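I opened this notebook to keep track of what I looked up, one topic at a time. The entries go from the whole chain down to single residues.

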Amino acid sequence: MRRINPAARPFEEDFDEDVRRLLADIERGLRAGARSASGGCAPLVDVFETDQAVEIHMDAPGVPADSLQVVCKREIVIIAGAKPQTAADGSVTFHLVEREFGRFARAVRIHAAVDVGRARAVLAAGELRVTLPRIADRRGRPVRRGRRASRPGG
């Protein structure tokens, strides 16, 4: 899995180009036989926070770790990846197809102050867990100016 790193471009830019680039990178990285067809999927996501961190848990059964990317850009976390379609030879006739496959991108807005530099992403047992450690939110607090040190005897 690729590491989490803050995006370098300003937040005001549109996410569409970022998501297209992420999906193209992921598609190029998949083996030819594992490439997704034109389908798309929307994995389910839970977002919650504790006193220590903001957690994002995403269902990812069948998603290879090397196809996932997590990008943080200000208060937005983008998780992009691709779930390859199950390979079937030409003699198979499907009677029911409910499982989704294809490329996906999920964007989650975080409303807490987090330390992106210490963020972690772990894929295990078909679930991606992104942990963003909280930091003290100092927005809106007055800034105290330091007092001048008085000179001894003065």
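The entries below follow the order in which I looked things up.

**Ground rules.** I noted that this is a predicted model, in which local features need pLDDT of at least 70 and side-chain atom pairs count only at pLDDT 80 or more, while totals for chains, interfaces and linings use all residues. Residues are numbered from 1 along each chain as its sequence is written, and side-chain values use heavy atoms, with hydrogens and water left out.

**Whole chain.** I looked up the secondary structure and found one helix and eight strands in the protein chain, in the order β-α-β-β-β-β-β-β-β along the sequence. Here helices (H or I, at least four residues) and strands (E, at least two) are DSSP runs, numbered from the N terminus. Of the 154 residues, 32% count as buried, where buried means under 20% relative accessible area, exposed over 50% and partly exposed in between, with a 1.4 Å probe and protein chains only. I also noted that, among contacts (heavy atoms within 4.5 Å) between residues at least 6 apart in sequence, 65% join residues at least 24 apart.

In soluble globular proteins, nonpolar side chains tend to be buried together.

I checked how enclosed S4 is: five of its five residues are buried, so the strand is largely enclosed by the rest of the structure. Gln69, Val71 and Lys73 point one way and Val70 and Cys72 the other way. In a regular strand the side chains alternate between the two faces of the sheet. S4 is joined to S5 by five bridges and the two run antiparallel, pairing being counted if DSSP finds at least two bridges between two strands; Lys73 stands opposite Ile76 in S5. The hairpin of S4 and S5 has two residues between the strands, and Arg74 in that loop has a positive phi of about 55° although it is not a glycine. At 62% relative accessibility, Arg74 counts as exposed.

**A second hairpin.** I looked next at strand S7 (residues 120-124), which pairs with S8 in the antiparallel sense over five bridges, with Val122 opposite Arg129 in S8. Two residues lie between these strands as well, and Ala125, in the loop between S7 and S8, takes a positive phi of about 50° although it is not a glycine. Ala125 counts as exposed, at 87% relative accessibility.

**Two other loops.** I found Phe94 in the loop between strand S5 (76-83) and strand S6 (102-109), exposed with a relative accessible area of 52%. Ala42 sits in the loop between helix H1 (15-29) and strand S2 (45-49) and is partly exposed, at 44%. Not counting residues up to four places away in sequence, Ala42 touches Glu100 and Arg106.
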